[in-house]
Structure formats: structure tokens, C-alpha cells
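Visitor: Hello! Could you show me how to read a few features here, starting with the strands?

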Amino acid sequence: MKLTSLVPDAQARVRGASHIELGKGGLWTHRLRGGPLVLSCTAGAVWVTREGALDDVVLEAGASYGGEGRGLLVVEALEPAQIAVADGAERTARAALERARAALQEARGSWLVLLSLAALYLVWGSTYLAVSVALETLPPFLLAGVRFVTAGALLYGVLRLRGVPRPTLRQWGAAARVGVLLLVAGNGLVVVAQQWVSSGVAAVVVSTMPLWLALFTTLRAARGPRSAPEVSRGEWVGLLVGFAGAALLHLGGALHAEHAGALLIVLAPVAWALGSLYSRTTPLPEGPMAVAAEMLAGGAVMLGISAVVGERLAAAPSSRSLLALAYLVVFGSIVGLSAYTYLLRNTRPAIATSYAYVNPIIAIALGVLLGGERASAATWVAAAVIGAGVVIVSKARH
């Protein structure tokens, strides 16, 4: 029996298969173990028989034979020939392995999102208290500048040792612009204001940032091409609920500013929202290198501001302040900003910025546990409202 092909897609399926040369009368045998197999004759002619099969098969050049089952498969060359053998079971296992890898990658991405959110909720919630401690013996811009330059240099050095390419001139420029918005204005104004306001009120004011981001996102989408995702109705509800909870926390907590400079903190969430939105489209370096470049650029600007305004150390910094500074460098900067950048690139803006509603709770709790502050019943009610806002934002979809 002569066959042109028993397998329609045989030629595609035997790419990368094993190729075997047979002289006239040469034999090739293979013990089938239940898995599929495709055999193609690419030159000459061969005779194929399988133990238990009713008919023998003659394959000429271009013809293929496919089947599965058990038994001994025997191929004899009727003339000098070449055959290609593809083990379907091997391909099936390879495909299953690829599917498993894809599933693990997806699961890994989900875990990275959860871990990044946990880092922002817990670590950034604690940085307000750490800043207050560091400010006891360090001036604000010097504190912030040293924090980000040190963190940026450490992260940059590690990345370069791992072979990550250095940013291009264009990427440095983009990182500097984002760094000024996020760090100099967004973070620096908070540090300045914390000379006169508590860590709790600072966290409360910063919690308005997602609302500003939602506003800027909507305005940007309405201007022309949809370069930024619109905010859904559900996200608006969550944002407003969260803001209401933050307002209740502020009003019920009797937190008041006593210096005009404290009003600068109102501009901090606006600048942070602008920087977050801008970072999604600007040509930043890939991955953590973007964080390192932003911290180096932003920290350098803050050190320059410190020199211009004439900040001086009245005495040697206390060990307490230096420990707080070290915590801000490692956790508040390297861990926190890396997590935030990952979330901005891999989740919706409302998810990435939901930390702002949780941070006031962490800040108030740490104030109670470590700073001797008192939390009223209104504070705990506000905590529940803020938590509800975070859940609504997380569940919202278009």
C-alpha cells in the first residue's frame, strides 16, 4: 500500500524531529509505549510495519505515517532513504511544561502584586513616624536628600553589578523630571511640613492623592487620544469613600497644624499624583533602574536645595535619628519605591495608589503604640470607612 500522507500537518509537526539516514535494506526499530508518533519519509522509500497492525505501509518521499499505541515499530529502507521521527508524547509533555510555566508566571505576578501592596501599606505607613524621629536632629531637605541619594546609589550599584545597562541621557532626563515631582515636591514637602504637624495629620493629607490622580487621569483622557485609562464609576465611588474616611479621621482625631509652613503639605499629594501619572508614559529605564535613577536625581536636587536655604546641623545627629534615616533608606526608599513602581507598571492607577488610604491607619496605630498618642472612637470608625474605600477601588472594573 502506498500512501501520500496519513497526517495532514505532518510536515509542520516533524520540524525539529530526529532525522535518520538508512542505506538500502537498513532497519530502524522503535518500541511504542502508548504515546503518539509521526514518521515521515523525506527521501527514498521505506517499508513500515507495526506489531499488531493489520497492514504494512510503504512510504515514499514526502509521505508520512502517524499513530499511537504499543508494540514494536519496524522501518526498512527499500532504497537509500531518510526518515524524520517526531515523538508526539515528547511534544505533548513540552507543551504541558510550557503551560505550567505560564501558570507559574501568572501566579508569580499575582504574588508580586500582593507583596508590593503589603510593602506600601505597612512600610510607607511607618515612614511618617520614622521621618518625625529623624527630624529630631536632622534638617528636612538634608534628611530627604541624604536618604534618596544613599538609597539610589546603593540600588544603582547593585543593578550595575548584575549587568543592568546604565540609563541613557534621555532616560536620565525623564527620571529627573519624575524624581522632582515624586520626591522633591511629593515627599520633600511632607518632610518639611512634619516639622510642625504630626505623622498622623501628614498621612491624612497625603491620603487625598488618589483623588487627585483620578481627576488628572480623567482630564488627560478627555483631552484627546486615550493615553491613560479612564476611571470607572466604581473607582470613583471607592475614591470618594476613602477620602470621606480620611476626612473623618482628620476631624475626629483633633490633629491641627500650628505653623504656616505646614500648609505646604497640601501641595504634596498633588505633585505625587502628577508624577505618578507622568511616570506611566515617560521613557524611564526598565525595572528597578528607574527607581534608582529617580532617587539619585531627586536626592541630588534636594541636597542642592538644602545648600541654597542654608541648612546646618546644630549638633551631631543622634543615634535615634540615624537609625530612622537607615530605615527610610532601606525600607522606605528601596523597598517602597520599587514596589510602587512595579504596581504603577502592572496594575491600574487606583490599585497602585490605594496605599494612601491605608497609610493613615498605620501611622495612627504606630503613634498609639510607639508615640504615646491616643485614638478616639472616631478614628476607628474612619479606619473602617477607609478600608471599605480600598476594597471598592480594588474590586472596581470598567
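Guide: Two strands pair if DSSP finds at least two bridges between them. Strands (E, at least two residues) and helices (H or I, at least four) are DSSP runs, numbered from the N terminus. This is a predicted model, where local features need pLDDT of at least 70, side-chain atom pairs count only at pLDDT 80 or more, and totals for chains, interfaces and linings use all residues. Residues are numbered from 1 along each chain as its sequence is written, and side-chain values use heavy atoms, leaving out hydrogens and water.

Visitor: Which strand pairs with strand 8 (residues 70-77), and over how many bridges?

Guide: Strand 5 does, in the antiparallel sense, over 5 bridges. Strand 5 (residues 45-50) also runs antiparallel to strand 6 (residues 57-60), joined by 4 bridges. Look at Val48: its bridge partner in strand 6 is Val57, and Val48 stands opposite Val75 in strand 8.

Visitor: How do I read two packed helices?

Guide: Two packed helices are described by the angle between their axes and the distance between the axes. Axes are lines fitted to C-alpha atoms, for helices over the stretch in contact, and angles run from 0 to 180 degrees between N-to-C directions. Helix 5 (residues 199-206) and helix 12 (residues 355-370) pack at about 170°, with axes 8 Å apart.

Visitor: Are helix 5 and helix 12 roughly parallel or roughly antiparallel?

Guide: They are roughly antiparallel, a term for angles over 145 degrees, while those under 35 count as roughly parallel. Residues making the contact (heavy atoms within 4.5 Å) include Ala203 of helix 5 and Ala363 of helix 12.

Methods. Angles under 35 degrees count as roughly parallel, over 145 as roughly antiparallel, 65 to 115 as roughly perpendicular and the rest as oblique.
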